[in-house]
Amino acid sequence: MTTTNTPENPGSTHPAATTDATAPGGAPSMLALHQTALGGPEVLRLTELPRPVPGPGQILIAVHAAGLNPTDFKHRALGIFLPPPPLTLGWDVSGTVVEAGYGVTLFKPGDEVFGMLPYPYGAGSHAEYVTGPTRAFAAKPAGIGHVEAAALPLAALTAWQALVDTAGLRAGQRVLIHAAAGGVGHLAVQLAKELGAHVTGTASAPKHDFLREIGADACVDYRSEDFTATDERYDVVLDSLGGETATRSANVLRPGGVVVSLLPVAEDTQAAAEKAQARAVTLLVEHDRAGMQAIADLVERGRLRAHVSGTFPLAEGARAHALGDTGRTTGKLVLTVR
């Protein structure tokens, strides 16, 4: 499900950035999408930085593609978990192992891998090279390219950890997924269907055909419909919106159900969940080799695919951030490096 040159993203004829330059003193350097201040997309600059060196238990990866997620846009503007700039963002990565650090046995130079750098403090994939712990990665599925592989890790791990690890979703249960056409949402729809659940997704009406195509059983237009105005009760709600949406979601839970929120759970939401004899929890995604291997297996079997709505060369990362800031993207945006 990969598309480029959409009306939202007319694409680019510029090649992806690559360099084999050396810094003063002969140390290898690289290009990175770097920022020295917090702010809008205009703070992002293609900058020459020292190439990282893998430490014990780490691998150095030549980045082919790197996914974008809403957390990138928020960290660029607000910082949130990370120290103040200068910084290079990016957690999703797909590429080729260049060097293995001391003690690494899982991968060797030339292996193609994909994964999520440790969240939140391991950011740095929006660059030509990045290092990360070996066990944050899995072998890239042979049936997909680096662009689609780079779109998967953070969003797919979030969906996996929410539905499988946290909620324990089982066949026959009913799940409500908010922002179901978004990065996490569209992968969560597919994963929930693979687990045998009945899936309802919220999205604007023009995206309902897309949701049905990827397996949603029912769709709710959040612009014109009230998802609580129904007798439907859910075992699991996956909420990436927070606030009033999370609180109202607790009101449609069955006893024993759970709202898994990707934003901090407010006291009102906790109270509503307790009244429904249910739970409300906040999930912060973690790097997870077992989860990445499970995702790779689903991809290999044709049961999970990322929808890429646009690609941008690393040098045009600010344009990608500007589009991501609109919050209207279907699926994922990806930066191409090689």
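Leucine 195 touches Val164, Leu169, Arg170 and Ala171, not counting residues up to four places away in sequence; touching, or contact, means heavy atoms within 4.5 Å. This is a predicted model, where local features need pLDDT of at least 70, side-chain atom pairs count only at pLDDT 80 or more, and totals for chains, interfaces and linings use all residues. Residues are numbered from 1 along each chain as its sequence is written, and side-chain values use heavy atoms, with hydrogens and water left out.

**Around leucine 195**
- You'll find leucine 195 in the loop between H4 and strand S10 (198–203); helices (H or I, at least four residues) and strands (E, at least two) are DSSP runs, numbered from the N terminus.
- Leucine 195 has 25% relative accessibility, so it counts as partly exposed. The scale goes like this: buried is under 20% relative accessible area, exposed is over 50%, and partly exposed is in between (1.4 Å probe, protein chains only).
- Leucine 169 sits 26 residues from leucine 195 in sequence, with 7.2 Å between their C-alpha atoms.

**Strands and crossovers**
- S10 pairs with strand S11 (residues 218–221) in the parallel sense, over four bridges; strands pair if DSSP finds at least two bridges between them.
- Within that pairing, threonine 202 has valine 220 in S11 as its bridge partner.
- Together S10, helix H5 (residues 208–213) and S11 form a right-handed β-α-β unit. Right-handed here means that, with the strands pointing away from the viewer, the path from the first strand over the helix to the second runs clockwise.
- Strand S12 (residues 234–239) and strand S13 (residues 253–261) run parallel and are joined by five bridges. The chain gets from S12 to S13 through H6, in a right-handed β-α-β crossover.
- Aspartate 239 stands opposite serine 261 in S13.
- S13 also runs parallel to strand S14 (residues 279–282), with four bridges joining them. One of the partners in S14 is valine 281, which bridges to valine 260.
- S13, helix H7 (residues 267–275) and S14 make up a right-handed β-α-β unit.

**Serine 249 in H6**
- Serine 249 is part of helix H6 (residues 243–250).
- With a relative accessible area of 0%, serine 249 is buried.
- Setting aside neighbours within four places in sequence, serine 249 is in contact with His178, Phe227, Val237 and Val259.

**Nonpolar cores**
- The largest nonpolar core has 83 residues, of which Phe137, Leu152, Val175 and Leu211 touch the most other members. Such a core is a set of buried Ala, Val, Leu, Ile, Met, Phe, Trp, Tyr and Cys residues joined through side-chain atoms within 4.5 Å.
- Helix H3 (residues 153–166) supplies the largest share of this core, eight residues.
- Another core lies apart from it, with 14 residues, among them Tyr234, Val252, Ala272 and Ala276.
- Beyond four places in sequence, the contacts of phenylalanine 137 include Ile59, Phe107, Leu117 and Arg289.

**Helix H8**
- Among the buried residues of H8 are Arg289, Met292, Ile295 and Val299.
- The buried residues of H8 pack against strand S6 (112–116), strand S8 (137–139), H3 and helix H4 (183–194).
- After H8 comes glycine 302, with a positive phi near 75°.
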